[in-house]
Amino acid sequence: MTEKIAHYLGIDFCGMSLETPLVLLSGCAGFGEEYTRVTGFSNRDVGAVCLKGTTLEPRLGNPPHRVFETAAGMLNAIGLQNPGARYVVDEILPDLDFSETRYIANISGATVEEYAEVARIFDASPIDAIEINISCPNVKEGGMIFGNDPAMSARVVAACRGATEKPLITKLSPNQTDIAENARCCIEAGTDGLSVINTVAGMVIDSESGRPILGNNQGGLSGPAIKPVALLCVHRVYQVAKAHNVPIIGQGGVTCAADAIEFLIAGASIVGIGTGLFYDPLICPRINQGLIEYMDRKGVDNVRALTGTLRCNSPLTV
Amino acid sequence: MEKTHRATLFVEEAEILARDEFEGDQIILRVAAPRIALAARPGMFVHVRCDPALPMRRPISLMAVEPTDGWLTVLFKVLGHGTRRLAEKNVGDVLNIIGPMGVPFQVPPDRPRALLLGGGLGIPPMIFLARWLMQKGERVSHATNPSLNNRQQPIDSHEDSDRRELVSAALGQETPFQATAHEPLLLMGSEIPFPFDLCSSRIPVSLPDGVTAAMAPMEALGIPSRLASGRGYPGSFQGFVTELAELWLRTQPSSTYREIALYACGPEPMLRATANLARRYDLPCQVCLEEFMACGVGACAGCVVPVTTPTGVAMKRVCVDGPVFHARDVFL
């Protein structure tokens with residue numbers, strides 16, 4: 001990483017010093033090493049990697065099919081397949097190279113107590129931060145059920161806050177009436193940062209068989225199709241979060257530097273890359289370069305200066 | 001931990017060198033991809049970007065590779081948006097492909113007679129394997145193939161010990177196959193016209209009279225092949241490819257069964273029937289599976305299939321734990 005890139009792209013997020021404002025999103029980057037199979041890919045191109053969603057006990061996840069392409073998007077229902085928090089901490093984290101990037105655990109539970117227990121397990125590990133997933137649309141218990149109720153969301157965050165000193169980031173669901181109110185409750189409960197947004201609940205149906213295509217019947221939509229939804233959610237959450245200096249990971253359908261910049265303008269401090277990685281595993285250096293070119297052109301010397309610079313139009317009067 | 005899995009997949013901007021179209025919207029593309037062609041083994045696949053408007057790549061099995069000239073071929077049928085866009089590509093167009101992906105077929109040295117069953121779009125990996133088995137000497141040793149070292153932390157902890165043995169057996173298989181060590185017999189089934197030139201075979205195979213139609217390119221290489229179809233194509237066996245396989249097995253002295261291994265790729269009912277056949281004749285059988293796929297590198301767990309392991313059922317990723325599995329582990 002050249003000094004110039006660090007100067008433009010280096011950013012502090014929830015107390016973590018990130019090399020770039022890009023984060024590989026949970027569920028898209030495995031447990032940190034999978035994408036390094038691809039020649040040219042490097043975890044050094046991103047500020048952080050969010051590891052796959054982890055629960056207290058191992059989970060098999062949902063039956064196939066688990067993924068399906070939709071118009072400008074992808075529907076998935078993985079169902080939190082994971083080997084359990086203990087295994088992740090004991091067997092996977094020791095093999096990660098923490099000199100390359102920051103690693104963020106992503107935790108889920110069927111109960112408030114399970115969330116806290118998983119947070120406690122990661123608290124005693126080298127993990128850099130913990131993302132609380134209260135917005136997974138693909139599991140029967142926990143996940144979105146907590147995330148769509150602000151009071152329940154706050155209980156989960158408070159329980160995790162009591163279990164760890166590490167930075168806590170709460171991942172919010174778009175599948176609720178008032179995401180900004182939920183954000184406010186999570187901030188009051190002690191979250192340090194917010195991830196906006198998780199996938200949008202959806203379904204695909206095979207007209208010939210009359211059955212849903214996904215084994216789980218429903219899934220979560222990601223990709224360019226949800227970008228406008230995500231941008232509005234980031235904008236609305238930012239109105240609440242900025243007063244508390246709680247930063248946002250903006251995410252949903254980012255496939256190029258312009259997309260990333262839109263999220264920053266809407267109020268994100270850093271930007272998540274998920275489905276875009278499937279299409280182009282080498283997307284991150286390309287976005288980093290595009291960010292630098294944009295900042296050069298706009299006379300901006302650090303990516304921080306872009307956050308929340310949205311200039312809304314005046315309401316139309318007739 | 002030594003990170004031997006790193007940089008084992010290549011992203012190539014692959015120019016289309018040749019394009020052949022066959023009845024039934026079947027298309028064969030030959031593309032320039034030298035790094036993938038060099039590392040690829042039978043059973044492996046490439047992850048193809050079909051169109052900028054489509055967010056997901058499509059996994060497509062390799063049918064042939066030519067490491068010296070740096071190209072590979074794939075066969076696909078137009079089935080949906082992705083393959084339709086891919087079918088619109090012409091010679092000179094460039095495809096972004098990643099590969100070679102997946103764990104290839106493992107050929108047990110003590111099973112020199114290889115019975116290969118390909119059904120429909122499952123035919124390509126069988127063609128690749130048949131050619132691979134017939135290549136004389138000069139084989140790059142498995143031990144130097146980095147793609148075999150690319151396994152890493154499982155998404156779940158139910159590690160399959162059999163699978164580990166299978167991979168380590170391949171890693172230890174440093175000696176090139178001997179000139180006549182493997183005798184493949186390639187049986188193919190299709191309910192649409194076969195996407196290659198046919199001929200009447202001169203290579204004798206213990207099958208009923210009249211089953212003489214063969215795949216001309218295989219025949220030219222000296223590889224015995226036969227065809228099965230319910231459509232009554234001349235020279236083809238009228239029925240399922242698995243029925244044809246059983247007819248052949250019945251002609252073999254049972255004392256030779258211990259030399260035979262089954263390999264199969266095709267639609268699920270065919271693979272299930274193949275697994276049953278293997279069980280009845282007590283033959284080892286590997287099947288090559290497909291599933292909707294997102295990342296292709298083991299990161300998303302989107303392409304899993306339920307697999308039986310010594311510790312119970314595990315969800316294994318077709319992209320990195322497969323696509324080749326033991327039939328007995330996926331078809332109970």
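Predicted model: local features only at pLDDT ≥ 70, side-chain atom pairs only at ≥ 80, totals over all residues.
Over all chains, the structure holds nine aromatic pairs. One of them is formed by Y35(A) and F41(A): the ring centres are 5.6 Å apart and the planes meet at 35 degrees, so this pair is tilted. The term follows from the angle, because planes under 30 degrees apart count as stacked and those over 60 as edge-to-face, with the rest called tilted. Both partners can also be described by their accessibility. Y35(A) has a relative accessibility of 2% and therefore counts as buried. F41(A) is buried as well, with a relative accessible area of 11%.

A pair in chain B shows another geometry. Y257(B) and Y281(B) lie 5.5 Å apart, centre to centre, with 75 degrees between their planes, and this arrangement is edge-to-face. The two residues are 24 residues apart, and the pair links distant parts of the chain. Y257(B) belongs to the loop between α6 (241–251) and β13 (260–265) of chain B, while Y281(B) belongs to the loop between α7 (268–280) and β14 (285–288) of chain B. Where do these tyrosines stand in terms of accessibility, buried or exposed? Y257(B) is at 15% relative accessibility and so counts as buried; Y281(B), with a relative accessible area of 14%, is buried too.

Aromatic rings may also gather in a group. In chain B, one aromatic cluster consists of F194(B), F196(B) and Y233(B).

The charged end of R30(B) is placed over the ring of W71(B), at 3.9 Å from the ring centre. In a further case, R49(B) has its charged end over the ring of Y279(A), 4.1 Å from the centre.

The next topic is the pairing of charges. Side chains of opposite charge can pair when their charged atoms come close. The structure holds 22 salt bridges over all chains. Among them is the bridge between R161(A) and D192(A), whose closest N and O atoms are 2.8 Å apart. R161(A) is in helix α5 (residues 150–161) of chain A, and D192(A) is in the loop between α6 (179–188) and β10 (193–196) of chain A; the pair therefore ties together parts that are 31 residues apart in sequence. R161(A) is partly exposed, at 23% relative accessibility, and D192(A) is partly exposed with a relative accessible area of 29%.

A salt bridge also joins the side chains of E262(A) and K227(A), at 2.8 Å from N to O. Here E262(A) lies in helix α8 (residues 257–266) of chain A and K227(A) in helix α7 (residues 227–241) of chain A, so parts that are 35 residues apart in sequence are tied together. E262(A) counts as partly exposed at 32% relative accessibility, whereas K227(A) counts as buried at 15%.

In chain B, the side chains of R317(B) and D321(B) meet in a salt bridge of 3.2 Å, N to O. Finally, salt bridges that share partners join E33(A), E100(A), K3(B) and R6(B) into one network.

Notes:
Residues numbered from 1 in each chain as written. Chains lettered and ligands numbered in written order. Heavy atoms only, no water. Phe/Tyr/Trp six-rings, centres within 6.5 Å; stacked < 30°, edge-to-face > 60°. Buried < 20%, exposed > 50% of the residue type's maximum accessible area, 1.4 Å probe, protein only. Helix = DSSP H or I, 4+ residues; strand = E, 2+ residues; numbered from the N terminus. Lys NZ or Arg CZ within 6 Å of the ring centre and 35° of its normal. Salt bridge = Lys/Arg side-chain N within 4 Å of Asp/Glu carboxyl O.
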